[in-house]
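I opened the notebook on salt bridges today. The entries below follow the pairs in the order I looked them up.

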Amino acid sequence: MAWDLSALLHSADPAAEAIERHLWLVRLFDWLRQPPPEGAHSLTPWPVVRMGLLLDVLETQPEISHRVGGVVHHSLRDLDSNGLLADFGFPPRQGFVSELGDRLRLAWLPGTPQTSDAGELFSLLFNQPDDAAWVAALDEATLSRLLRWLEHSHGTPSAWRDEMVEAVQLLASQIRANGLSKALRSRIEPSQLADRPFHQVVALAEALQAAHQQGADAPALAAHAASLRAILGRCLEAANSARQHLDEWGISVDVVFQMDQMRSRARRIEQLLDAALAPSPAQAFKTLWLALLGAAQDRQGIGALFTRHYALLARKVTERSAETGEHYITRDRAEYRQMLGKAAGGGAVIGLAKFALTALQVSAFWVGFLAGVNYALSFVLVHLLHWTVATKQPAMTAPALAAKLEAVGQREDAVEGFVDEVTHLIRSQIAGIVGNLALVAPVVLAAQGLAWWSQGAPLVGEKSAHYVLHSLTLLGPTALFAAFTGVLLFASSLIAGWVENWFVYHRLESALAWNPRITDLLGPSRAQRWARWWRANISGLAANVSLGLMLGVIPALAAFVGLPLEVRHVTLGMGQLAAAVGALGLEIFQQPEFWWCLAGIGVTGILNLAVSFTLAFRVALASRGLQVQERGRLYAALRQRWRQAPGSFFRPPA
């Protein structure tokens, strides 16, 4: 609806109910943002032009100014200014989950002008994404005119300055409570708390407020403000020491969230001090105004919240994956032979696991659940025997490769080192697949042959064999299912990193080593060994258990809701195909379906590896804040290596 300024100003009623006054203010700002008249042109944003026009009317027409000033004065008098100056943009509770809930509420539920909270009314007045643009375009002369008129309408010239100083005191109290909370205090370097900065910040804020109320002169207020700013810096230094503790001992999203809130509150105090104490506060007032608009926009979305507060957790998860991933990369012939042997052992275990559930006759869900448990136990056995499953490698090796990119652009030899790492990784991955497939098929065939010899029938019969030929074929949805399985492989690496971070953050290694009940039960030396074992294996156990359960349970759950979703794992697929050969005999090689299935297994392997690696690599880059710079240079170096030494991608150096 288009508003007429004259009618709008004449409708201002200082004696109206609060909700009517608030609605009038909403209409006034809607008028400021109205599109320009047809054919009108201006280099200045139209809200700024209209603000100047509004001030012209208010300065030249006392009656209108009295009516509008009365609406503004009564509204500001009845509103809680701290809801805007001290609370707006900050969560009511210190926690990531509670803040997420509040943001979803703000995004989905409409606001109401029937409020006594200045922050809630501010959100209604400035509810457009481009409000910050026209506020930033306000010149100092217009802002000074606006502030003079606001002081006049407020009744007392320094009233809004008093409210800003009071908000500073409230923010200082929140910083003290935040800094002295157990979650942060226990992680702050003790030397940073020696002079009690979180206690001093409140005392100095109260001293500033008292001096302002007593009418102290500008130099005295400036001295109080300087002392407060100095102690705020000490509080932030103490919080930074807690971040170093988190980097070493594990990340908590809630703790990082609280630290960010402390920095934001300290920044708000700086802005309020500038606006309240400056002799000419126009620019400082605009800075504060823009900061409040930025807080309003920030709290309307959840994407930035996740990006900001999960970045450190993602980095810690991928760093732990990178540490594990280094063990999957071979760099010489000895390591390459070891990888082949470990992969062969893993293939043998998976081949035997294929027959564990053949006799069960239960419902579809329990088949999926028990299959997941079977896979999980098989993967855990592979892990405990220090063998490997090839498809688990990419999600672990991608963060290790991303770490190499940090040096690109900083050192001359970094690109060549990155290419070397790519060749090592590809060669290692090929060794893992070859080792897995080289033994899974013979083990399955041997088990089928043993069943023929001992009981006259294979463990996997003809009906199941024909189903394998029907389901694994490249002519069906095998490629889609293989890509989905790559997502599960990636997800298991994230779960592994998160579990290890949780293990470290809660200091479970120390608890296992030194807890009195555990040491009494196991003895001190055995408890120490047990703690070290869990620290070394928690990531692998989490990855293997989660992957096995997802491979078994997710297809069963998908079938329950009518979603025809299956998993295609290259090693498991080869075991299934080998079982079909053992059931149908050598004539299977004359059937085209067999060769389509073999091609499907090849595509499955490629997609398992490519999808899991790509997802892990992208997360690793994002968690480090990296972008792949000089892509052309990297691609050119890889092509040159392929032309000059293609064998380096397949054969290890001496």
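Helices here are DSSP runs of H or I, at least four residues long, numbered from the N terminus. I am working on a predicted model.

Entry 1. I started inside helix α13, where arginine 234 and glutamate 237 both lie, three residues apart, about one turn of the helix. Their side chains meet in a salt bridge, with 3.4 Å from N to O. I noted glutamate 237 as partly exposed, at 44% relative accessibility.

Entry 2. I then looked up glutamate 270, which forms a salt bridge with arginine 229; the closest N and O atoms are 2.5 Å apart. Glutamate 270 sits in helix α14 (residues 253-277) and arginine 229 in helix α13 (residues 218-249), so this pair ties together parts that are 41 residues apart in sequence. For glutamate 270 I have a relative accessible area of 29%, partly exposed. Arginine 229 is partly exposed too, with a relative accessible area of 27%.

Entry 3. Next I checked glutamate 566 and arginine 568, a salt bridge whose closest N and O atoms are 2.9 Å apart. Is arginine 568 buried or exposed? I found a relative accessible area of 7%, and buried means under 20%, so arginine 568 is buried.

Entry 4. How many salt bridges does the count come to? I recorded 17, taking a side-chain nitrogen of Lys or Arg within 4 Å of a carboxyl oxygen of Asp or Glu.

Conventions:
Residues are numbered from 1 along each chain as its sequence is written. This is a predicted model: local features need pLDDT of at least 70, side-chain atom pairs count only at pLDDT 80 or more; totals for chains, interfaces and linings use all residues. Side-chain values use heavy atoms; hydrogens and water are left out. Helices (H or I, at least four residues) and strands (E, at least two) are DSSP runs, numbered from the N terminus. Buried means under 20% relative accessible area, exposed over 50%, partly exposed in between (1.4 Å probe, protein chains only).
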